[in-house]
Amino acid sequence: MSTVQPSPDAIEVAKIEDTSLLAFYRDMNAPERRTFWACAAGWTLDGMDFMIYPLVIGTIIALWKVDPGTAGLAGTVTLLASAIGGWLAGYLCDRIGRVLTLQITIVWFSFFSLVCAFAQNFDQLLVARALLGLGFGGEWAAGAVLMGEVIRPQYRGRAVGSVQSGWAVGWGLAVLSQAVMFTILPAEEAWRWMFAIGALPALLVFFLRRYVEEPKIAAETLAKQKASGDRPSLLEIFSPGVLKTTVLAALAATGCQGGYYAITFWVPRFLTTERKLSIVGSTGYLATLIIGSFIGYLVGAWLADRIGRRNLFLIFSIGAIVLILIYTQVTLTNDVLWLLGFPLGFFASGYFSGMGAFLTELYPTRLRGSGQGFCYNFGRGIGALFPFLVGWLSTSTSLGNAICIFAVAAYGLFFLAAYALPETRGRILHADA
């Protein structure tokens, strides 16, 4: 079993000459562009599927008479399941290939989104969301590794980061679906149709099967492993040569995702309860937050190659802490709150643009899927506790205070873990056994 990573002196780094945001796309060949759009579409629809539940949580609470903590549990269970799904999908990436794993995960979470639409009580919905989470976590793991290996190192940060911006688009599609469905249908039917819409990603598999190919270095590594019989184990990412990397990367992923979920899962409820906005009336506030997120993803993608992955994380984690303190703790008019949504979305999301490339570059090819899948989705699993804990704490303090406490703690952890990790910008990847 191979457990040794290349020494720092052996690491090759590509020179980044053109740092403009769209340089990577102008220089792409046809296979790279097909992979880019397939992964962007997958991440967009992934984001839409996840964000549907936070948008209908108020309706679920009212219809089935569940308390906020219990309602938040469904979000927590989804993320906990995604942690397991992401690790397993990452391992499958290293065993059966990136593209096939991506296809399996998309079909999985699309099917269980449809199942959610037919739930007859909260327990059934909870089980369906948990099963959806397995595929939801796996899709990111497979797609991020696929993109990281297909795109050349000098463009990796911008390309993978631009794909990450698809999450904001998916969030926007979920909000648009909410506005339309809750306008034309009664609430007790509208939420079901939103989950049914979440089944649409399954159509993407037809494109993946026809147009997207396995990365060359992954195919070469897999062939070498088959020939030698030295296949990676599920636990190899915890071996002495890579344990420190795995622990620090998992902590960074925990901080960045815990903060994000504490904010995005409960802000719709914060607006309709503490700010007394209607579901439709809150749409404009969420739109500002989403636009800020989208711009944050694009700027973060550019900065990931311009100033490096680590500096991106440090700057944005501080910005997110400052903005969430102001958003939840300062008395503001609704007009100011609406404007503040843009920078909050910007800083609370933009750092994700560097995560995919960063985790790809930390691991050797034989462990890349397993390492990336575990670390990112370990963060999801621990971050999954935050929607539940915010809901639980909100029963003894204001929802704004609860969001603030957990978001600030998470972003603080993100800052410290990122500071302890190495810079990986431009790292050249190689096939290995």
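Modeller: Val180 counts as partly exposed, because its relative accessibility is 39%, between the limits for buried (under 20%) and exposed (over 50%; 1.4 Å probe, protein chains only). The model is predicted, so local features need pLDDT of at least 70 and side-chain atom pairs count only at 80 or more, while totals for chains, interfaces and linings use all residues. Numbering runs from 1 along each chain as its sequence is written, and side-chain values use heavy atoms, without hydrogens or water.

Val180 sits in helix 7; helices are DSSP runs of H or I with at least four residues, numbered from the N terminus. Ala190 is 10 residues from Val180 in sequence and 8.8 Å from it in space, C-alpha to C-alpha.

Two or more lining residues come from each of helix 1 (23-26), helix 2, helix 7 (166-184) and helix 13 (283-306). Helix 2 supplies the largest share, 5 residues. By type, the lining has 11 nonpolar residues, 4 polar and no charged; Asp, Glu, Lys and Arg count as charged, Ala, Val, Leu, Ile, Met, Phe, Trp, Tyr, Cys and Pro as nonpolar, and the others as polar.

Now the largest nonpolar core, which has 132 residues; such a core joins buried Ala, Val, Leu, Ile, Met, Phe, Trp, Tyr and Cys through side-chain atoms within 4.5 Å. Helix 2 gives the most to this core, 16 residues. Tyr53 and Met355 are among the residues with the most contacts inside the core. Met355 touches Ala253, Cys256, Phe313, Tyr376 and Phe414, leaving aside residues up to four places away in sequence; contact means heavy atoms within 4.5 Å.

Lys65 lies in the loop between helix 2 (30-64) and helix 3 (68-96). With a relative accessible area of 71%, Lys65 is exposed. Most residues other than glycine have a negative phi. Lys65 is not a glycine, yet its phi is positive, about 55°.
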